[in-house]
Amino acid sequence: MRRFYARRRVSILAALSGLIASAALFNAPTASAALPTPVSAATARSYLATLTVATEDRTGYNRDLFNHWITISGTCNTRETVLKRDGTNVVTDSACASTSGSWYSPYDGATWTLASDLDIDHLVPLAEAWDSGADGWSSATRQAFANDLTRPQLIAVTDNVNQSKGDQDPATWMPSRTAYRCTYVRAWVQVKYYYDLSVDSAEKSALTSYLASC
């Protein structure tokens, strides 16, 4: 997300190095940056310190209680909006379905050219949110959470990777691509903080450990 030297020869070499670095950045996958930028590690650590620690209880959870993939604009729902945001050269039809494009999944480093190979992950899963306080929310708040495009909560990733994650928290599941783990935990804490959700003790321990390395 986050020199120049007097001698002409050194200056030329420095300029060439800069061009090479710029080219590398230009050619790097961009989809992993499409997630709204999470707070810094320092801010995430301060947020984490304020979160309530509580035992989880999934009694009464039902995915249908979170009205997801609502209409965002025109014919585009939340899933289609994230696919367009996270992909490269995405083409959609009149119903806003993606007909072509390229998507880079930051969880595992895979690239896909079919939208059907991607899931839109709720970074903090709906069931996890229910466990952590969403059971007391209004329907409107649950809908806002399930379709939140402002916080770092929704991201297009490889479908079977998302399915393997399920409703696990960072104590039991993390992206296999280690370079993304700092982004992941910063986003996780930011979402939990914004929605005033609790963490369980194992979850807090895992988050503390990962954030210490960010």
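A crossing of two helices is called left-handed if the near helix is turned anticlockwise from the far one by less than a right angle, and right-handed if it is turned clockwise. Helices (H or I, at least four residues) and strands (E, at least two) are DSSP runs, numbered from the N terminus. The model is predicted, so that local features need pLDDT of at least 70 and side-chain atom pairs count only at pLDDT 80 or more, while totals for chains, interfaces and linings use all residues. Residues are numbered from 1 along each chain as its sequence is written, and side-chain values use heavy atoms, with hydrogens and water left out.

Helix 7 passes helix 8 in a left-handed crossing. The contact (heavy atoms within 4.5 Å) is made by Arg181, Val185, Arg186, Trp188, Val189 and Lys192 of helix 7 together with Glu203, Leu207, Tyr210 and Leu211 of helix 8. These residues divide into 6 nonpolar, no polar and 4 charged; Ala, Val, Leu, Ile, Met, Phe, Trp, Tyr, Cys and Pro count as nonpolar, Asp, Glu, Lys and Arg as charged, and the others, Gly among them, as polar. Two packed helices are described by the angle between their axes and the distance between the axes. For helix 7 and helix 8 the angle is about 130° and the axes are 9 Å apart. Axes here are lines fitted to C-alpha atoms, for helices over the stretch in contact, and angles run from 0 to 180 degrees between N-to-C directions. Helix 7 and helix 8 are therefore oblique to each other, given that angles under 35 degrees count as roughly parallel, over 145 as roughly antiparallel, 65 to 115 as roughly perpendicular and the rest as oblique.

Helix 8 (residues 201-212) also packs with helix 2 (residues 41-50), at an angle of about 160° and with the axes 10 Å apart. This pair is therefore roughly antiparallel, and helix 2 passes helix 8 in a left-handed crossing. On the side of helix 2, Ala41, Ala44, Arg45, Leu48 and Ala49 meet Lys204, Leu207, Thr208, Leu211 and Ala212 in helix 8. The residues of this contact comprise 7 nonpolar, 1 polar and 2 charged. Ala49 and Thr208 are 159 residues apart in sequence, yet 9.1 Å apart in space from C-alpha to C-alpha. Ala49 counts as exposed, at 57% relative accessibility; buried means under 20% relative accessible area, exposed over 50%, and partly exposed in between (1.4 Å probe, protein chains only).

The loop between helix 7 (181-194) and helix 8 holds Asp196 and Ser198. Asp196 is exposed, with a relative accessible area of 64%, and has a positive phi of about 55° although it is not a glycine. Ser198, by contrast, is buried at 10% relative accessibility. Leaving aside residues up to four places away in sequence, Ser198 touches Thr52, Ala54, Ser132, Lys192 and Glu203.

Helix 3 (residues 78-86) has Thr78, Glu80, Val82, Leu83 and Asp86 as its buried residues. They pack against strand 1 (71-73), strand 2 (76-77), strand 3 (87-92), strand 4 (98-105), strand 6 (118-122) and strand 7 (154-158). Strand 3 includes Asn89, which is exposed with a relative accessible area of 66%. Asn89 has a positive phi of about 55° although it is not a glycine.
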